[in-house]
Amino acid sequence: MNFFTADLHFGHANIIKYCKRPFTDVAAMDRALIANWNSRVGADDDVWILGDLTMQAPQGANNYLRQLKGRKHLILGNHDNFAHKARGTELLDEVCSYKELKLQTSPYTAILCHYPLLFWNGSHSGTSIMLYGHIHNSFEPNAVTALLYNALNVGVDCCGYIPLSEKEVLTRIAAHNQAMRYSLNKPETQVPLAELARLHHGANAEDSKRS
């Protein structure tokens, strides 16, 4: 079975503050992320990590990878420096910057990238879905990507700190698509300029509340 996740940031204490994660310290966060992963993933499952597994060096990254079940495929993020060194890839089945994955339970192809894309291979024909991370639970970027048809943020901050199964991904995307009034990337439901202006104003207002 395929699972998808992103932005775990193992060992990164400040991410708790940045993303308001519900953990008292980094040790508690790491324990919870590992336990959540292993409660869902089996030895014969494939986990697609869409970037930012950890900011640690290869030795630290491998310490985390040894504790995680399944075959692990890393789509490189901006913080995965460990994977640019030979010792950092020993426990990974695959490392790449971009992947087009044929899903096991549907005719869709999954476009896997750390960064959200506005248009991707098959986005106009509806034959593919876009899975991404990078933006965590930040309000303004997610307000924009919420307007993408057939796309989903699989980062742990948006998914209950668990990897999502392929079925769960498809269920979430179906619900997301059904709830959409406008879309940035589906021609028949493109967003009117007035709506874009409203969304931009709302994002700015939200940022003002936070500051």
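Student: Why does Lys20 count as exposed?

Tutor: Lys20 has 69% relative accessibility. Exposed means over 50% relative accessible area, buried means under 20%, and partly exposed lies in between, with a 1.4 Å probe and protein chains only. The value for Lys20 is 69%, so Lys20 counts as exposed.

Student: What kind of model is this?

Tutor: It is a predicted model, in which local features need pLDDT of at least 70, side-chain atom pairs count only at pLDDT 80 or more, and totals for chains, interfaces and linings use all residues. Residues are numbered from 1 along each chain as its sequence is written, and side-chain values use heavy atoms, with hydrogens and water left out.

Student: Where is Lys20 found, and what is its phi?

Tutor: Lys20 is in the loop between α1 and α2 (26-40). Helices here are DSSP runs of H or I with at least four residues, strands are runs of E with at least two, and both are numbered from the N terminus. The phi of Lys20 is positive, about 55°, although Lys20 is not a glycine.

Student: Is Asp7 buried or exposed?

Tutor: Its relative accessible area is 0%, so Asp7 is buried. Across the protein chain, buried residues make up 48% of the 211 residues.

Student: How do you know that β5 and β6 pair?

Tutor: Two strands pair if DSSP finds at least two bridges between them. β5 and β6 (residues 109-112) have four bridges, in the antiparallel sense. Lys99 stands opposite Leu112 in β6, and a hairpin of six residues joins β5 to β6.

Student: Which strands make up the sheet, and in what order?

Tutor: The open sheet has four strands in the order β5-β6-β7-β8, and the pairing is mixed.

Student: Why do β5 and β8 stand at the edges?

Tutor: β5 (99-102) and β8 (151-153) each have a single partner strand, so one side of each has no neighbour in the sheet. The twist averages 25° from one strand to the next; axes are lines fitted to C-alpha atoms, for helices over the stretch in contact, and angles run from 0 to 180 degrees between N-to-C directions.

Student: How many helices and strands does the protein chain have?

Tutor: The secondary structure comes to six helices and nine strands.
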